[in-house]
Structures are given as C-alpha cells and as structure tokens.
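These are my notebook entries on one structure. I set down what I looked up, entry by entry.

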Amino acid sequence: MRSGWWIGVTAGVVLGLGGVAAVDVATQPAVAQGGGTATFAQLRQVQKVSTAALKRTNADHKKLNRVAAQLPLWAVSSGAAGSNLIRGDGVVLSQRLTDGNYRVRFVRDVSQCTWSGTPATEGASLPDAFTVRISLDLTEPTKSQLIVRTNDAAGGPKDSGFHVQVFC
C-alpha cells in the first residue's frame, strides 16, 4: 500500500509542474511573425479590425442574399393618357401624368437597382432622335416608383410608348 501512496504523490507533482508550465507558456508575450513581440494593445487592435471586417462581410452577405433571389422587373407602356400599362413583370401601374411624363410603380424598392428605358410602340416606328429618361420618384416613401420622361427630337415632352427594365 505504501508503493501506491508514492505513485499518487509522484502523479500529483507531475500534474502540478505541468500546470505551472502551461500557465507560464500561456502568459508569455505573443511573438510576431517577424520575430518581435506583440503587446496586449496591439493584439486588441488586431481583434477590433478583425471584428469590423467580419461585420462588414456579414452585412455584405445579407445584401447579396436579399438581392440574389430577385428577378428583373419590367414594364411596357402604351404612352396613352391615364393608365397605360400593356404588360410587365413585377409592375403595379404605369400612368401618364402630363405630356411625356409617366409614373411607373413596381412591387418593391428599386432605389438600389439600375433602370433602363427604350422608346417603343406596338406598330408604327419612332423617329431616330426620340429619347427616354428615367429617375427615381423621391416623393414616394417606399422608393418603388420611377418617373419616365419621353421627348421628341427637339427635346420637348412627347407622349410615346416605352419599355422600362429594372435590374437589382
């Protein structure tokens, strides 16, 4: 039984020395790759930079996930007075406001998207110098509405049909 007691004491001493060695290694200053030592303040700064980068990455992934599932939106308008939506996808309405000025509303926010527009008709051809300009309607709180302006060759407002495409 005496030999068992010495084994216990020996094991306790070995474990105690191992614990002291582990604490000693853990409390040593960090050694930089170039051979110098890093201070606690430097390690804290690196941690802050890493945390900020991780937050930016997570925010970017959320944006991508929100946008990735979205399909393009589009609308075809006749340019006639009143409601003039012919067809489209993700579009709620197309409405003539005044000569050459239209409102096109979509089912979601289009403020972070790109928009393009082309003059169009369902038959007769348009003059070569006909233009379509598009801007976001800032008066609409959900930012789901575009203002479309159609102009003739002289730059004056002119009612005309048009196509609008929205890519997010």
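**Entry 1: S78.** I looked up the exposure of S78 and recorded it as partly exposed, because its relative accessibility is 35%; the term lies between buried, under 20% relative accessible area, and exposed, over 50%, with a 1.4 Å probe and protein chains only. I note that the model is predicted, so that local features need pLDDT of at least 70 and side-chain atom pairs count only at pLDDT 80 or more, while totals for chains, interfaces and linings use all residues. Residues are numbered from 1 along each chain as its sequence is written, and side-chain values use heavy atoms, with hydrogens and water left out.

I then located S78 in the loop that joins strand 3 (73-77) to strand 4 (85-89). Strands here are DSSP runs of E with at least two residues, numbered from the N terminus. I listed the contacts of S78 (heavy atoms within 4.5 Å): leaving out residues up to four places away in sequence, it touches N84, I86, S160 and G161. I also found that the side chain of S78 reaches the backbone nitrogen of A80 at 3.3 Å. From S78 to P119 I noted 41 residues in sequence and 10.0 Å in space, C-alpha to C-alpha.

Entry 2: Which strands form the open sheet, and in what order? I found four strands in the order 5-6-9-8, with antiparallel pairing; two strands pair if DSSP finds at least two bridges between them. Strand 5 and strand 8 (131-136) are at the edges with a single partner strand each, so one side of each has no neighbour in the sheet. The twist from one strand to the next averages 25 degrees, an angle between N-to-C directions of lines fitted to C-alpha atoms, on a scale from 0 to 180 degrees.

I examined two of the pairings. Strand 5 (residues 91-98) and strand 6 (residues 101-106) are antiparallel over six bridges, and L93 has R105 in strand 6 as its bridge partner. Their hairpin has two residues between the strands, and G100 takes a positive phi near 70 degrees there. Strand 8 and strand 9 (residues 145-151) are also antiparallel over six bridges; R133 has R149 in strand 9 as its bridge partner.

**Entry 3: the core.** Which residues touch the most other members of the largest nonpolar core? I recorded F106, V110 and V166, out of 15 residues. Such a core is a set of buried Ala, Val, Leu, Ile, Met, Phe, Trp, Tyr and Cys residues joined through side-chain atoms within 4.5 Å. Beyond its neighbours within four places in sequence, F106 is in contact with residues including L73, W74, L146 and V166.

Technical notes:
A polar contact is a pair of N or O atoms within 3.5 Å; within protein, one must be able to donate a hydrogen and the other to accept it, and residues adjacent in sequence count only if both atoms are side-chain atoms.
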